[in-house]
Amino acid sequence: EYLNCQWSESDKIEFQNKEENTAVTELHFGSGMGIRNGWELWEGKNRIARYFKRKGISHPDDMSSIILTSFHRTLNNRPIDLNGQISYHKKYWDDL
């Protein structure tokens, strides 16, 4: 809801019309960084960071990626599949 209220309609349409991975990757250092820093995900003390940590997601990059992916899917009327996203990010770290 926050992103939906904060982004202009043209920004939402541009984001929505891109392929999901491209859209999210392109925003990693822009909006993604804004989410990580502005929402204080690095400190890990607020409710959203604690929520992700309870789900097994501890890196703020993963948190912002899940937030942006979920927003992209919402704009495109697709299921968010939070559990699938969480599994994807957990597997990434397990495979390192």
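Here is a short chat about charges and salt bridges in a predicted model.

Colleague: What does UniProt place at residues 2-75?
Modeller: The unreviewed entry there gives the feature "domain: DUF6794". Over that stretch the chain is 72% helix and 0% strand, and the end C-alpha atoms sit 13 Å apart.

Colleague: OK, charges next. Which residues form the positive surface patch?
Modeller: Arg47, Arg50, Arg54, Lys55 and Lys90 form it. Helix α5, residues 47-54, gives the largest share, 3 residues.

Colleague: And where does Lys90 lie?
Modeller: Lys90 is in helix α7, residues 82-94. In sequence Lys90 is 34 residues from Gly56, yet in space the two are 7.3 Å apart, C-alpha to C-alpha.

Colleague: Switching topic: how many salt bridges does the count come to?
Modeller: The count is 7. One of them joins Arg73 and Glu20, at 2.8 Å from N to O. Arg73 lies in helix α6 and Glu20 in helix α3, so this pair ties together parts 53 residues apart in sequence.

Colleague: Are those two buried or exposed?
Modeller: Both Arg73 and Glu20 are buried. For Glu20 the relative accessibility is 17%, and buried means under 20%.

Colleague: Which salt bridge does Glu20 form with the closest N and O atoms 2.9 Å apart?
Modeller: That one is with Arg78. Arg78 sits in the loop between α6 and α7, 58 residues from Glu20. Arg78 is partly exposed, at 41%.

Colleague: Which residues are linked in a network of salt bridges?
Modeller: Glu14, Lys18 and Glu26. Between Glu14 and Lys18, the closest N and O atoms are 3.6 Å apart.

Key: Residues are numbered from 1 along each chain as its sequence is written. This is a predicted model: local features need pLDDT of at least 70, side-chain atom pairs count only at pLDDT 80 or more; totals for chains, interfaces and linings use all residues. Side-chain values use heavy atoms; hydrogens and water are left out. UniProt positions are given in the numbering used here, feature names are shortened, and annotations may be inferred rather than shown by experiment. Helices (H or I, at least four residues) and strands (E, at least two) are DSSP runs, numbered from the N terminus. Patches are made of residues with over 30% relative accessible area and no salt bridge: like charges are joined within 9 Å, nonpolar side chains (Val, Leu, Ile, Met, Phe, Trp, Tyr) within 5 Å. Accessible areas come from the Shrake-Rupley method with a 1.4 Å probe; for residues, only the protein chains shown count as cover. A salt bridge is a side-chain nitrogen of Lys or Arg within 4 Å of a carboxyl oxygen of Asp or Glu. Lys and Arg count as positive and Asp and Glu as negative; His and the chain ends are not counted. The place of a charge is taken as NZ of Lys, CZ of Arg, CG of Asp or CD of Glu. Buried means under 20% relative accessible area, exposed over 50%, partly exposed in between (1.4 Å probe, protein chains only).
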